Amino acid sequence: MFERFTKDARAVVVGAVGHAERTGAEAVDEEHMLLALLDREGSRGSFVLASLGAAGRRDSMERSLAEARRRGGLSRADTEALSGLGIDLSEIVSRVEEAHGVGALGSGNGGGRRSRCRPFAPGAKDVLTRSLRVALARQHRHIGDEHLLMALTARPGVSAEVLADHGVTYEAVTRVLYGGGEAKAG
């Protein structure tokens with residue numbers, strides 16, 4: 001599949017690995033891919049993010065991702081579902097952080113920097129697979145960073161939630177890339 005990746009898509013994957021290494025994460029996940037997409041300039045994906053006003057809101061996105069890490073990587077939908085069962089996640093986070101320090105539920109720091117390659121977490125693998133499906137559905141012969149962005153917005157979870165909170169939805173990305181005919185009104 002990687003032979004189909006454009007230079008920009010490959011740069012996102014390499015950038016995601018770099019983000020994972022810098023944070024000491026055990027695996028590359030969707031968050032790292034999102035951050036790597038936000039790093040890009042002069043690509044189709046960066047054009048879409050700029051067009052939707054998200055490029056200038058990186059700090060806000062990073063804060064949202066950090067808050068999700070504090071919740072153990074759970075999305076707001078997951079938090080609301082737990083609340084419906086009578087489980088107060090904010091209370092659990094507070095108690096864990098009181099006992100073990102702030103950020104204790106965050107995705108593992110893996111004990112610091114390691115020289116081995118980071119594997120891709122199942123969610124990140126799914127984003128890569130979805131990007132291929134998106135490209136094939138559009139009859140594109142390559143996978144660009146715009147396809148990775150579309151895959152991130154199409155997959156439920158924290159990254160899609162953070163993007164949507166900043167105006168970047170699958171429909172909005174499609175509208176910017178391919179015109180207004182495919183975007184849902186409303």
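Me: Contact means heavy atoms within 4.5 Å. Among contacts in the chain between residues at least 6 apart in sequence, what share joins residues at least 24 apart?

Reply: That share is 68%. This is a predicted model, in which local features need pLDDT of at least 70 and side-chain atom pairs count only at pLDDT 80 or more, while totals for chains, interfaces and linings use all residues. Residues are numbered from 1 along each chain as its sequence is written, and side-chain values use heavy atoms, with hydrogens and water left out.

Me: How much of the chain is buried?

Reply: Buried means under 20% relative accessible area, exposed over 50%, and partly exposed in between (1.4 Å probe, protein chains only). By that cut-off, 40% of the 186 residues are buried. The chain has an accessible surface of about 9,900 Å² (Shrake-Rupley method), and carbon and sulfur atoms account for 51% of that surface.

Me: What span should helix α1 have?

Reply: The expected span is 1.5 Å times one less than the number of residues. Helix α1 has 17 residues (7–23) and should therefore span 24 Å; the C-alpha atoms at its ends are 24 Å apart, in agreement. Its buried residues include Asp8, Val12, Gly15 and His19. Among the elements covering the buried residues of α1 are α2 (30–39), α4 (58–70), α7 (122–137) and α8 (145–154). Just after α1, glycine 24 has a positive phi of about 75°.

Me: Where does histidine 166 sit, and is it buried or exposed?

Reply: Histidine 166 lies in the loop between α9 (158–165) and α10 (170–178). Its relative accessible area is 4%, so histidine 166 counts as buried. Its side chain reaches the backbone oxygen of valine 162 at 2.7 Å. Beyond neighbours within four places in sequence, histidine 166 contacts Leu52, Ala54, Arg57, Ser60, Met61 and Ser64.

Me: Which elements have the lowest and highest mean pLDDT?

Reply: pLDDT is the predictor's confidence in each residue, from 0 to 100. The lowest mean among the elements belongs to helix α6 (residues 89–100), at 60, and the highest to α8, at 97. For the chain the mean is 82, with 71% of residues at 70 or more. Residues 107–115 stay under 50, and the model gives them 17 contacts beyond four places in sequence. Residues 181–186 are also below 50, with five contacts beyond near neighbours in sequence. Where pLDDT is low, the predicted coordinates should not be read in detail.

How values were computed:
Accessible areas come from the Shrake-Rupley method with a 1.4 Å probe; for residues, only the protein chains shown count as cover. Helices (H or I, at least four residues) and strands (E, at least two) are DSSP runs, numbered from the N terminus. A polar contact is a pair of N or O atoms within 3.5 Å; within protein, one must be able to donate a hydrogen and the other to accept it, and residues adjacent in sequence count only if both atoms are side-chain atoms.
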